[in-house]
Amino acid sequence: MVIQNVLKINENLKPVIQMESLKYRLFTQYEFWRDIPEFANVSEKDFLNYKWQTKNSIYDQKTLIKTISNIASKEFIEAACQGFSRVPMAVRITPYLLSLIDWNNPWNDPIRKQFIPVSTQLIEDHPMLSFDSLHERQDAVTSSLVHRYPQKALFLALDTCPAYCRFCTRSYAVGQNTNIMKKGNFSVDSKRWEEAFNYIESHPELEDIVISGGDTYNLSAEQIKTIGFRLLQIPQIRRIRFASKGLAVMPMKVLTDENWLDAITSVLELGKKLYKEVALHTHFNHANEITGITQRAMQKFFERGLVVRDQTVLLRGINDTSEQMQFLIQRLSYINIQPYYVFQHDLVKGVEDLRTSVQTAIDIEKSLRGIIAGFKTPTVAIDAPAGGGKRSIHSYEYYNRKTGVSVYTAPSVRPGKYFLYFDPLHSLAENIRNAWKDPKQQQIMCDEALNEARKAKF
Ligand SMILES: *Cc1c(COP(=O)(O)O)cnc(C)c1O
Ligand code: SF4
């Protein structure tokens with residue numbers, strides 16, 4: 001028996017790998033934006049200038065239509081206009097992102113799907129969805145501070161971003177009002193900020209602050225320093241992180257906004273002096289978002305010693321296969337970004353086409369673990385709806401794959417409570433989809449899951 005095993009090992013010497021599988025190391029280097037007629041004459045110097053990117057970002061439907069009128073079909077433009085009138089997020093997309101979309105097939109493009117809704121692909125929401133599904137407002141201790149976990153808190157410094165993602169969890173507040181959504185607000189306001197800092201100071205257990213929004217890319221250099229220095233000087237604070245999707249939507253800012261980069265660096269330097277950690281948390285969802293420009297931006301951060309981690313959202317038709325996710329994780333790791341989380345999509349309204357089942361997340365986790373260094377392997381997590389907080393996707397108490405209901409608990413956050421997540425209707429059989437339309441049946445399916453979860457516990 002033993003000998004046989006040895007022979008087997010020798011026979012199975014690792015085969016020569018296909019170079020194809022290392023393609024994640026190749027980054028788009030050419031002037032890809034010139035393929036878009038509107039940007040055909042834009043020099044590299046302009047394209048890399050963050051001011052040019054901001055000025056030429058698309059803030060309304062009219063500009064979007066004008067920019068893509070020569071490259072997209074009438075059907076597509078029509079579907080996009082109708083799409084925008086039906087969703088909770090306002091339009092905002094950078095020339096960089098727009099140039100990375102494959103306009104020969106925008107319907108299926110992974111970047112287009114994240115930023116431009118098209119009416120023909122929108123599907124009905126699961127009846128159990130609500131705005132602010134994470135109940136952040138319920139854990140808000142000041143207008144801009146969410147204190148859910150014992151030792152860490154989330155500071156919402158502003159309510160704008162350089163681009164607006166369709167699937168934003170904070171669509172209840174981020175960006176301008178839309179046809180169907182009037183927003184709460186947490187705009188830049190030093191009085192509001194000071195309330196949050198005072199709360200943090202009076203809570204000695206808080207060691208870790210996430211500075212988010214919105215997107216901290218949209219804070220000025222002065223504001224970055226104000227917030228960073230203020231937080232680091234609070235004695236018990238050990239770690240702060242700036243949250244920004246900027247690297248994915250406008251990496252050139254790191255290359256050309258020297259004041260901003262210097263501001264982040266000076267916060268990092270103060271952190272070093274005080275022996276406190278300062279990091280940047282970013283948000284990539286598809287390998288196409290990572291180009292030679294991103295690589296150069298990351299080199300800048302790396303030279304300065306800034307740790308950058310990534311949080312990805314699992315999105316149907318964008319990164320919901322093992323191959324796509326693996327490719328993304330490998331590419332992120334290659335440019336010194338640490339893949340930190342892959343999140344199950346929250347129960348957000350208006351983006352049901354982008355959600356996957358919990359089973360998909362479980363399958364992806366299994367396929368990722370073991371390929372790359374463990375510290376480059378993200379935790380696949382679910383932010384338990386209604387304020388349970390982040391849980392490992394595998395840690396459900398019960399999961400009914402037929403009804404699509406999973407049940408999580410969060411002993412360190414809300415002991416004794418059960419949190420229900422609902423797989424999207426499109427992942428369920430037809431009779432179950434119909435059952436979800438009936439309030440009585442809804443109750444029965446939720447009760448069944450809760451009862452089973454309670455049984456499983458003991
Ligand atoms: C995500 C989050 C944090 C940070 O959690 P980590 O697991 O440390 O990344 C803190 N507070 C709130 C409310 C959050 O949603
Ligand atoms: S960058 Fe973050 S906060 Fe801004 S729209 Fe996207 S998901 Fe929402």
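Which residues surround ligand 2? Here are some friendly notes on this predicted model, with that point taken up at once.

1. The surroundings of ligand 2. The residues around ligand 2 are M89, C161, Y164, C165, C168, G214, K245 and H283. Sorted by class, this shell holds five nonpolar, two polar and one charged residues.

2. Where ligand 2 sits. The largest cavity is the space that ligand 2 takes up. Please keep this in mind for ligand 1, which also sits in the largest cavity.

3. The surroundings of ligand 1. This ligand has V146, Y149, K152, L154, V210, R241, Y340, Y341 and K390 around it. The class count for the shell of ligand 1 is six nonpolar and three charged residues, with no polar ones.

4. Polar contacts of ligand 1. For Y341, an N or O atom of the side chain is 2.6 Å from an oxygen atom of ligand 1. For Y340, a polar side-chain atom lies 2.8 Å from an oxygen atom of the ligand. For K390, the distance between a side-chain N or O atom and an oxygen atom of ligand 1 is 3.0 Å. On its own, ligand 1 has 390 Å² of accessible area, and the protein covers 91% of that.

5. Elements around ligand 1. Two strands, β3 (152–156) and β8 (338–343), are the elements that give two or more residues to the shell of ligand 1.

6. Domains. The chain's domain assignment lists domain 1 (33–121), domain 2 (140–395) and domain 3 (398–458). Between domain 1 and domain 3, the C-alpha centres are 38 Å apart.

Notes: Residues numbered from 1 in each chain as written. Chains lettered and ligands numbered in written order. Predicted model: local features only at pLDDT ≥ 70, side-chain atom pairs only at ≥ 80, totals over all residues. Heavy atoms only, no water. Near = heavy atom within 4 Å. Polar contact = N/O pair within 3.5 Å; in protein donor to acceptor, adjacent residues only side chain to side chain. Areas by Shrake-Rupley, 256 points an atom, 1.4 Å probe, with all protein chains shown as cover. 1 Å grid on protein atoms, 1.4 Å probe; cavity = no way out; pocket = protein on both sides within 12 Å on 5 of 7 lines; lining within 4 Å. Sits in = over half its atoms within 2 Å of the grid points. Helix = DSSP H or I, 4+ residues; strand = E, 2+ residues; numbered from the N terminus. Nonpolar A, V, L, I, M, F, W, Y, C, P; charged D, E, K, R; others polar. Domains from an automatic or database assignment.
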